[in-house]
Amino acid sequence: MGITLKQAQTAVQAAHEKAIEMGVKMNIAVVDSGANLVAFIRMDDAWLGSLDISIKKAKTARFFDMPTGAIGGLSQPGGSLYNIEHSNGGLITFPGGIPIKNSEGQIFGAIGVSGSTVEDDHAVAEAGVRALEGQ
């Protein structure tokens, strides 16, 4: 089964709280196991351009069941996934998207965050993932 709305909202809330703690304005998206958007927030004054990026980060993480930063390493010139970002209607291959696993270790969704540096994006996404550990 995919992530529930309640679980998605829990992840978004935890990520939102982390963003506030860090003093960054983020767009935060959660998708289900089919990469369909379940929950989304855009913090006040978060970059408009990051709205689409956050959703694509979540979808990319689910499409390939790995963090988007890992895909970025594989998609560099000479890499085994070079140019993959042009597939699936456009992927994001830098940090900020992370798959979410259930208590059995199965991926049942993903979170994507955008609005600051990729390091900040990843840290905020990790907070969302941690909020669902063991569920």
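Trainee: In this predicted model, is Asn27 buried or exposed?
Mentor: The cut-off for buried is under 20% relative accessible area. Asn27 has a relative accessible area of 0%. Therefore Asn27 is buried.

Trainee: Which residue's backbone oxygen lies 3.0 Å from a polar atom of the side chain of Asn27?
Mentor: Asn27 is found in strand β1, residues 27-32. Beyond four places in sequence, Asn27 touches several residues, including Phe40, Ala46, Trp47 and Val113. The backbone oxygen at 3.0 Å from its polar side-chain atom belongs to Trp47.

Trainee: Where is Ile84 found?
Mentor: Start with helix α3, which spans 68-74. Strand β3 spans 97-101. Ile84 is found in the loop between α3 and β3.

Trainee: Is Ile84 buried or exposed?
Mentor: Leaving aside neighbours within four places in sequence, Ile84 is in contact with Phe64, Ile71, Ser75, Leu91 and Thr93. Its relative accessibility is 14%. Buried means under 20%, so Ile84 counts as buried.

Trainee: What separates the C-alpha atoms of Ile84 and Leu74?
Mentor: Along the chain, Ile84 and Leu74 are 10 residues apart.

Trainee: Why does Gly69 count as partly exposed?
Mentor: Gly69 sits in helix α3. Gly69 counts as partly exposed because its relative accessibility is 28%.

Terms used. Residues numbered from 1 in each chain as written. Predicted model: local features only at pLDDT ≥ 70, side-chain atom pairs only at ≥ 80, totals over all residues. Heavy atoms only, no water. Helix = DSSP H or I, 4+ residues; strand = E, 2+ residues; numbered from the N terminus. Buried < 20%, exposed > 50% of the residue type's maximum accessible area, 1.4 Å probe, protein only. Polar contact = N/O pair within 3.5 Å; in protein donor to acceptor, adjacent residues only side chain to side chain. Contact = heavy atoms within 4.5 Å.
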